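Please take a moment to look over the structure shown here before reading on. The paragraphs below lead from the whole protein to a few of its aromatic rings.

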Amino acid sequence: MSLTTSSTREIPETGTIPRHIAIIMDGNGRWAKSSFLPRVAGHKRGVETVRSAIKACVERGVEYLTLFAFSSENWRRPTDEVTFLMQLFITVLEQEVAKLHENGICFKVIGDLSKFEPRIVEFIRNGEALTADNTKFTLTIAANYGGRWDIMQAVRKMLDQRPELATGFDEKDLMQYFSLNYAPEPDLFIRTGGEKRISNFLLWQLAYTELYFTDTLWPDFDARALDLAIQSYQQRERRFGRTSEQLQMASGTNGREIVATRMA
Ligand code: IPE
Ligand code: IPE
Ligand code: MG
């Protein structure tokens with residue numbers, strides 16, 4: 001079997017703390033409803049959870065946090081809610097980008113920004129430029145993001161820049177054009193709010209990610225809830241296609257390399 005196009009050819013290093021956590025922050029509306037508040041109050045409260053989640057991830061040694069803030073499908077919501085979410089996004093950006101920079105955090109936004117007002121796009125690009133050299137922690141906000149959009153835009157960009165690849169390309173060629181090309185693939189995916197679906201989030205990158213679903217609504221997702229997710233992650237055996245026995249044989253030695261060599 002040829003493994004030249006397999007994601008499993010390079011087995012990533014895995015540790016007890018996930019390097020990269022990706023979260024679908026769901027349940028704001030239901031949280032608000034349960035307190036007899038308008039849905040938008042849930043979104044406002046959700047921003048506070050974002051702050052605490054960033055802090056908790058930094059403290060635990062996570063290096064990348066990717067948050068799904070607005071999907072390419074969320075435009076289907078009532079106009080008032082979409083307008084509120086856009087305004088909230090701008091307000092939060094204005095308040096937080098300088099603070100992220102002070103804390104040594106690199107800030108990125110992924111998604112189709114062509115639908116956003118030019119002043120938002122400019123603000124985002126300025127924030128990304130300001131924080132580009134920060135290496136301690138990378139916060140990515142997925143806004144007007146869709147996993148299918150990402151794959152499509154990557155293919156288009158690749159063929160536009162390297163037309164010779166139209167006759168053949170591999171994963172490595174394509175991966176450079178994904179909007180999350182600067183980050184390792186997520187180790188842990190969390191979805192709050194009880195739904196058990198990916199909702200067009202990182203379709204390509206979640207191929208070998210450990211999935212964790214919790215009924216906790218996003219505004220209630222505190223550091224303790226994050227620790228529960230990390231504990232669940234720590235109990236998983238990440239096999240990347242191998243057998244449990246292979247992993248046991250390899251542990252404590254340079255087995256990772258042995259297996260990788262055998263596969264190549
Ligand atoms: C997630 O919460 C936030 C966004 C999608 C912007 P929801 O608004 O989807 O909350 P529920 O799922 O209706 O409770
Ligand atoms: C997914 O939540 C998108 C975000 C959290 C930004 P949704 O609430 O929009 O997902 P569905 O519609 O229930 O799948
Ligand atoms: Mg929802």
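The model is a predicted one, and its secondary structure consists of nine helices and six strands. The protein has a radius of gyration of 19 Å, which is close to the 18 Å that the globule rule gives for 264 residues, so the protein is as compact as a globular protein of that length.

When contacts between residues at least 6 apart in sequence are considered, 75% of them join residues at least 24 apart.

A pair of aromatic rings is described by the distance of the centres and the angle of the planes. How many aromatic pairs does a search of the whole structure find? The search finds eleven aromatic pairs, and one of them is formed by phenylalanine 89 and phenylalanine 116, a tilted pair with 6.2 Å from centre to centre and 50° between the planes. This pair links distant parts of the chain, since phenylalanine 89 lies in helix α3 (residues 79-102), while phenylalanine 116 lies in the loop between β3 (105-110) and α4 (118-131), 27 residues apart.

Are these two phenylalanines buried or exposed? Phenylalanine 89 has a relative accessibility of 14% and therefore counts as buried, the cut-off for buried being under 20% relative accessible area. Phenylalanine 116, with a relative accessible area of 7%, is buried as well.

A further aromatic pair is formed by tyrosine 145 and tryptophan 149, and this pair is edge-to-face, with 6.0 Å from centre to centre and 80° between the planes. Tyrosine 145 counts as buried because its relative accessibility is 0%, whereas tryptophan 149 is partly exposed, with a relative accessible area of 25%. Tyr145 and Trp149 also belong, together with Phe68 and Phe201, to one aromatic cluster.

Notes. Residues numbered from 1 in each chain as written. Chains lettered and ligands numbered in written order. Predicted model: local features only at pLDDT ≥ 70, side-chain atom pairs only at ≥ 80, totals over all residues. Heavy atoms only, no water. Helix = DSSP H or I, 4+ residues; strand = E, 2+ residues; numbered from the N terminus. Rg over C-alpha atoms; globule rule 2.2 N^0.38 Å. Contact = heavy atoms within 4.5 Å. Phe/Tyr/Trp six-rings, centres within 6.5 Å; stacked < 30°, edge-to-face > 60°. Buried < 20%, exposed > 50% of the residue type's maximum accessible area, 1.4 Å probe, protein only.
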